Amino acid sequence: KSNTLLPEHQNIMTHLDGKVTITTYVNLLDRDAGIGLPSNVMWDMERFKDYIRFKPDIKMKYIYYYDDGQHGKNPDLKAMARKVAIAKNTSFKRFLSPEEMKQIIDLEPEGYRFVRQIEREDGRKTFLRLFDDISKMPSEAEISAAFKRISMKLPKVAFLEGHGERNLSGKGNRDYHLFAAGRHYRNALENQGFDTESISLDTLQEVPDDVDILVIADARESFTERELGMLKSYIDRGKNLLLACEPGFQHVMNPLAELLGIKFLPGTLVQLHDEEQANLILARVSKEAEKLGKGFYWLRRENRRVVMPGTVTVQWNIPGEFSVQRVLETDSVRSWNETGKVNWLEEQPVLNDGEVMCSNPTAVALTRQVGEREQRIFVMGDADCISNGELVGSRPGLSTINSSLIHELFYWFSYGEVPLSTGREIGPDGLFQFDNEKLFIVKILFHFILPLLLIGVGIFILVCRKRR
């Protein structure tokens, strides 16, 4: 069982009726071209042997080409590609020119990098990519998610725009491109089976019904009455929602939050550190979060923190229909809600009258039953913790779980559909345990009995030789 697909991944393959083709596009000028060159094809096909076992009619194709992405601006492109082919000890004749490749597929959105396309007989298809991390190759989770994407309907995540919100396609530090649609980021929603898109309420009568999860993060301009009505209608239909605020914009987000019985309190949470700014919150996963699933249990057990660079307090004592669980919170010591103005770069805030040092919630989960479906809503007091800048940046000395939070959050949103789990139980024959008594016996065996036995055998051999 540890050397084959997990049962739920085997089940995905049973839904793939009809022929399936995996086409690998290999650009001679790409840094990863060697993976798919003819001399390595058999090794490359081995990556899919577990899937071919459960669907033997999978066909694998390899298409070779060369392209530097300059759209014909390099007159020496062909000569350069020919030299690369010689250096890689492969025949240049099999490589298609950029013009010939355009007749087959346009790989400009993929950056002309090594990529596979999985296609069903009915025309449904998706890309399977390499990733910019140490492992590079897609794991069972990403491969199975790609197969699941063309065999079943998976959740669609929409990112609201039009009010200065965090952008799905933006690649700045504050935007959400990396975790939402980063093609070469392993944990991006797009690579884990979700569909993602941006929507604006200006041109819509209502939020589309095919949207399963709506993300509204850090709106900077107030919503109109018409827009609030549209968002209330979306919530009333029982759809899932991620709502994130930022300090200074509580007045923009609160009219929407109040539809849920939630309020973002004025001020900014502080947490005193020895070396970091006071508005950098190291939020811990609460005990209540374990109700959301096993993943949150493990996040809490690891005792690592979610870095929230500037967050507000989430309050839910407004009467509402939802059941509320505190998910992220500050420590109860050296932390409070600062309501005054502070220059965070130069000043260290102090506890003033009316401010109380205590644990404050920075993220909560709301649930309620709507028909046969449990509606799930997540409200955060910080929008930066899942931004591009926080996911790619590093904070020396801090062990963070921001990326893991995204993974578990959208697993919760999708009711366990995606991202797919690849965890396997450790077999009982792989675990050895010794108590002190048994360890003492082992120590005697290897320190005394075994050495004496070897010495005795050696003496016996020497005596036998001398007698001859």
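This structure holds 4 cavities of 30 Å³ or more. Here a cavity is a set of points, on a 1 Å grid over the protein atoms alone, where a 1.4 Å probe fits but cannot get out. The model is predicted, so to speak of local features a pLDDT of at least 70 is needed, side-chain atom pairs count only at pLDDT 80 or more, and totals for chains, interfaces and linings use all residues. Residues are numbered from 1 along each chain as its sequence is written, and side-chain values use heavy atoms, with hydrogens and water left out.

**The largest cavity**

- The volume of the largest cavity is about 70 Å³, where a volume is the space filled by probe spheres set on grid points joined across faces, edges and corners.
- Its lining, meaning residues with an atom within 4 Å of a point, includes Thr-126, Phe-131, Glu-142, Arg-149 and Gly-193.
- Two elements, β4 (125-129) and α6 (140-149), each give two or more residues to this lining; helices (H or I, at least four residues) and strands (E, at least two) are DSSP runs numbered from the N terminus.
- By class, the lining of the largest cavity has 5 nonpolar, 3 polar and 4 charged residues. Ala, Val, Leu, Ile, Met, Phe, Trp, Tyr, Cys and Pro count as nonpolar, Asp, Glu, Lys and Arg as charged, and the others, Gly among them, as polar.

**The second largest cavity**

- The second largest cavity has a volume of about 60 Å³.
- Among the residues that line the second largest cavity are Phe-179, Tyr-185, Ser-403, His-407 and Pro-419.
- Helix α12 (residues 402-413) gives the most to this lining, with 3 residues.
- The lining of the second largest cavity divides into 5 nonpolar, 4 polar and no charged residues.

**A look at Glu-417**

- You will find Glu-417 in the loop between α12 and α13 (436-467).
- Glu-417 has a relative accessible area of 34% and is partly exposed, a class between buried (under 20%) and exposed (over 50%), using a 1.4 Å probe and protein chains only.
- Leaving out residues up to four places away in sequence, Glu-417 touches Lys-148 and Leu-154, where contact means heavy atoms within 4.5 Å.
- From C-alpha to C-alpha, Glu-417 and Asp-67 are 37 Å apart in space, and they are 350 residues apart in sequence.

**Cysteines**

- There are 0 disulfides in the structure, a disulfide being a pair of cysteine sulfur atoms within 2.5 Å.
- Cys-245 is buried, at 0% relative accessibility, and Cys-385 is buried with a relative accessible area of 0%.

Methods: On a 1 Å grid over the protein atoms alone, a cavity is a set of points where a 1.4 Å probe fits but cannot get out, and a pocket is an open set with protein on both sides within 12 Å along at least five of seven lines; lining residues have an atom within 4 Å of a point.
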